[in-house]
Every structure is written in structure tokens, then in C-alpha cells.
Amino acid sequence: MPTRRSLLAGLASLPLLPRMGLAAAEHRLRLASAPLQIAPAQYGKTDLWGVNGSVPGPALRARQGDRLRVEIENALPQATSMHWHGIRIENAMDGVPGMTQDPIAPGEIFTYDFALPDAGTYWYHSHAQSVEQVERGLQGPLIIAEDQAPEVDQDLVLMLDDIRLASDASVDPQFAHPHDRSHAGRLGNVMLTNGQMEASFPVAEGERLRLRLINSANARTFALGLQGFTGWIMAYDGMPLEAPEAIPDRMLLAPAQRIDLIVDVTANAGEDAFLIQFERDGGYAQATFPVAAGTRTVRTTPAPLPPNPDHPIDLTNARKTTLRMEGGAMGGMQSASWQDEERDMRALAQAGQFWAFNGVVGRPDAPLVRASLGESVQITMTNDTAFPHAMHLHGMHFAEVLPEGRLGPLRDTLLMMRGETRTIAFNAHNPGKWLLHCHMLSHHAAGMGTWIEVVA
């Protein structure tokens, strides 16, 4: 299996990040400049923005039912905020500037304090100037343990990212480039796993692992596969499946999505197993697992993960609406409303705005849907653009409505390919104002955002 290619020649493997244990319910996170050596020593350090000095930030671990209290100190030159992605959270703690809180100014401290109703794999990231701030490193895992966790030999978090570096290993500073905003988003030229270009996780023959895969990239959808393992998909976006699913040859992981796997090591001692990232010209090692001698045992299919609290969806009586995505390069959008004024595509492009939902650029004054607490909502989304979009709903999980009215697994982010029409449904069980947006972060910055209100 080839090692990871990059723009920089001769890049060597980097040391592992420390593995984190279960943490207390209270944390203090300092966001500050963090020059880190993500490239080999012959290159300079990359000026990243770290969380407690690391990129990604420390893994915050708690148990289902805990209350998490996180004090954020902003030592950056920009205002910021922190979004707790996938947590069915109190609205005031959701971390969206201009909607749920004022941004945290440089030098200020803000405390997030919220309950953790669900177990699973989640993450935290900046929700202010996020194209730059997430790219520079303001992100980290949030792992909520089940009361009865599955028996595994190792529980590993793999945060998959890409970053766009110049030839001197500095971060490319063009965060609002019109091509990124109007095309596929800001795609990096260096792939990272847990902040490393060559991530390695020692394992032994026959070990059973829980792999928590998190896509924290600005815009890249990872096409992933495994070599030297056999196993099962256990959860999507933190929400357990009713029954484990066999892992297919390829798994798509869109920006902000997560997949929990349980895998058994089938490679022999002295070999390497791999998490593979597929590109047009073949597969490359996203992470390597050197295999030591161990004991092979006959393993059975794992039991499903314990279910999270259920909020039933009533399709028969659901409030229905539609969302049409339009704009971007090679799209047919001629004009759209922005800042309460109809503008042609030339004027929008000059303002760095390229995308619209239902003919409106950016977050509108009125919500896409205003639902009563406990009401079911159904949204039919059409991607009338030339590019994929990772649609993320804050505050609640949804299920895709499949043929014959069946509901798919719960998710918080859905990858919509070009030309697709798909329908999602959810129980509006969480009061407040909730963002619905494309998690290709350049697309959100260039117009792809709306919101939903749940009224108690």
C-alpha cells in the first residue's frame, strides 16, 4: 500500500498524538496560535490555531447523561465560537454567532454548559469564520461513552482532515477564493489523520477495535476502505444502527459525518493493515496499523450499540416543505435575493456569494420551517447544482425517507449528489432556532444556509 502523497516532497512519518482517557465533566480550552511541525524537520513549522496547543484539540470524553461544562478562552486575533456538532443540545449552547450567541471576542472567555443525552461519536469546531478557523485547527473529538460499551481491545478516534499548504508548509491564506466558493469548496493538498501525515496505530493479530471515523475537512468527501480487517458499521453520526452492517468495499464519509466501526484484525503479524483513502488514480494509506503477534480467536458479530433516546417520526401527519439548492459554477441560477434585494449572478459573484436555497442567498429573516414542539417535519431537498453538498441540521437528527415510506438510519449530515432529490424527516423535539446548511464550509460562507424554528 503506497504511503500518503502530498505537495511536499520527502515527507516523513510523524509521532502519534497522545491517547486520551475519560475526562472530567469540566474543561478549559484555550484557543491560540500553535506553530506545529506537521511537515518534516527540513520545513518550517506550520502556523496553526490550536486547542490547548494541539491540532486537533484534545479528545473530550464524558458519559451519556453527564453535563459537560467547557470554558473557552479566545487568545486568537479573530472572534470565534464553538459548535458541538451532532449533540442534541440546548439551543443557547449551540455556538452559532448571530443566532444563538454573540461571538467570543479576542481576549474574552465564554462557558458552554449542556447536557449529553446521547452516547456516540461527535466533535467540536469553530462556527465563526469557519473556512479559516477550522482549516487552521479549531476542531476536536467529543466522545460520549455508553453505560454498557462494547468489549473491544482498543477504542481509537481517527479524525480525517485535509489542509492546503504552500511549498514552505505555511497555510495557504486564500480562504475566500472565488473558485473555492463557487466550485467544490476548499480542498487541501495534504491529508491528515489526527493531525499527522503518516498516522500509525499499533495493533495485534486477532484484536477487536472500535474505530471512530470523523471527517473534519472543509470540503473533502473521503472514499474509504479497509485492508487487513473484517468488521461492521455500528453507528452513523453518533446514532446506533438497529443491527450492525457488514462494511462495504467503499464507504463515503462527507464533511462533518462520522462512522463507528467494530473491526477484527485479520492481517498477520509483521504485516500492516490499512485505512485506505481512494482517489482517482488508486488507493492510498490514510492510516497504517502495524500488526504484532497476538492470539486469533473466533469472533461473533457484535451486538448492536445501546439505542439513544427515541423521538418517533410521524410521516402521516408531518409538516412538509421543500428546499432547492441552486447556483455555483456551471449552474443555471440567473439571480437570487440577497440582503432583501434581488441581484443578478454577476453582482452576487462580485460579493463572493454564489449559492441559494429557494432563491435566497444566506440565512433569511424567516425560517424555512416553523414547527411546534413534538411535531414531525418532512423536507424534500433537490440539488439543482453541479456539485455535492453535505447538508447538516443542528440540534436534531433526521432520517431519510426511503422508498415505500421506510425510514433510514438517523443522521445529522446527508451527502446530496448533483441532480439528486431526497427527503428527510425528523421530530421537532428540541425548541429553538436551528441552522440547516451545507457543511462544505466555503459553500455555507457563499450562501448555503437557512434555519428551522421549533416553538415550545
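**View 1. Q139 is a buried residue in a predicted model.** With a relative accessibility of 2%, Q139 counts as buried (under 20% relative accessible area, where exposed is over 50% and partly exposed lies in between, using a 1.4 Å probe and protein chains only). Q139 sits in strand β8, residues 139-145 (helices, H or I of at least four residues, and strands, E of at least two, are DSSP runs numbered from the N terminus). Leaving out neighbours within four places in sequence, Q139 is in contact with V51, P56, G57, W123, Y124, H125, V134, M159, D161 and S216 (contact means heavy atoms within 4.5 Å).

A quick note on the model: residues are numbered from 1 along each chain as its sequence is written, and side-chain values use heavy atoms, without hydrogens and water. Because this is a predicted model, local features need pLDDT of at least 70 and side-chain atom pairs count only at pLDDT 80 or more, while totals for chains, interfaces and linings use all residues.

View 2. In soluble globular proteins, nonpolar side chains tend to be buried together.

**View 3. Four strands make an open sheet.** Their order is β2-β1-β4-β6, with mixed pairing (two strands pair if DSSP finds at least two bridges between them). At the edges stand β2 (46-51) and β6 (109-115), each with a single partner strand, so one side of each has no neighbour in the sheet. From one strand to the next, the twist averages 20°. Strand β1 (residues 26-36) runs antiparallel to β2, joined by six bridges, and P35 has D47 as its bridge partner in β2.

**View 4. Strands β22 and β23 form a hairpin.** Four bridges join β22 (residues 335-338) to β23 (residues 341-344), and the two run antiparallel. S335 stands opposite D344 in β23. Two residues lie between the strands, and Q339 in the turn has a positive phi of about 55°.

**View 5. G352 is a buried loop residue.** Look for G352 between α3 (345-350) and β24 (355-357); its relative accessible area is 14%. Not counting residues up to four places away in sequence, G352 touches R181 and A446. From G352 to A176 the C-alpha to C-alpha distance is 7.7 Å, though they are 176 residues apart in sequence.

Methods: Axes are lines fitted to C-alpha atoms, for helices over the stretch in contact, and angles run from 0 to 180 degrees between N-to-C directions.
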